[in-house]
Amino acid sequence: SASNLPSFKNPCAKEDESKCAMCSFKFKTSTRWKCDQCLDYYICSFCESDYADEKHFDGTHTFTKSDQ
């Protein structure tokens with residue numbers, strides 16, 4: 001049945017811009033990093049420096065700093 005199928009999150013799906021897509025840190029006025037290839041995919045500075053290369057498309061996507 002469909003309820004027994006594993007659920008996979010689309011890593012390029014539109015995300016809530018108020019929190020980090022990797023660790024769910026809630027942005028206030030802090031720096032966030034936007035994926036240059038994905039629509040509305042933002043991560044915090046901690047995840048960008050420590051995890052983006054490993055966990056987001058194996059480092060094939062790039063991020064641009066965005067201060068908001």
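**Exercise 1.** Find which backbone atom lies 3.0 Å from a polar atom of the side chain of serine 49.

*Solution.* Start at serine 49, which lies in helix H1 (residues 45–50); a helix here is a DSSP run of H or I with at least four residues, numbered from the N terminus. Next, check accessibility: serine 49 is exposed, at a relative accessible area of 52%, where exposed means over 50%, buried under 20% and partly exposed in between (1.4 Å probe, protein chains only).

The model is predicted: local features need pLDDT of at least 70 and side-chain atom pairs pLDDT 80 or more, while totals for chains, interfaces and linings use all residues. Residues are numbered from 1 along each chain as its sequence is written, and side-chain values use heavy atoms, without hydrogens and water.

**Exercise 2.** State how many aromatic pairs a search of the whole structure finds, and describe them.

*Solution.* The search finds 2 aromatic pairs. Ring centres of Phe, Tyr or Trp (its six-membered ring) must lie within 6.5 Å; planes under 30 degrees apart are stacked, over 60 edge-to-face, the rest tilted. Phenylalanine 25 and phenylalanine 27 are edge-to-face, with 6.1 Å between centres and 80° between planes. Phenylalanine 25 is partly exposed at 41%, whereas phenylalanine 27 is buried at 8%. Tyrosine 41 and phenylalanine 63 form a tilted pair, with 6.5 Å between centres and 45° between planes. That pair links distant parts of the chain, 22 residues apart. Both tyrosine 41 and phenylalanine 63 are buried.

Note on methods
Helices (H or I, at least four residues) and strands (E, at least two) are DSSP runs, numbered from the N terminus. A polar contact is a pair of N or O atoms within 3.5 Å; within protein, one must be able to donate a hydrogen and the other to accept it, and residues adjacent in sequence count only if both atoms are side-chain atoms.
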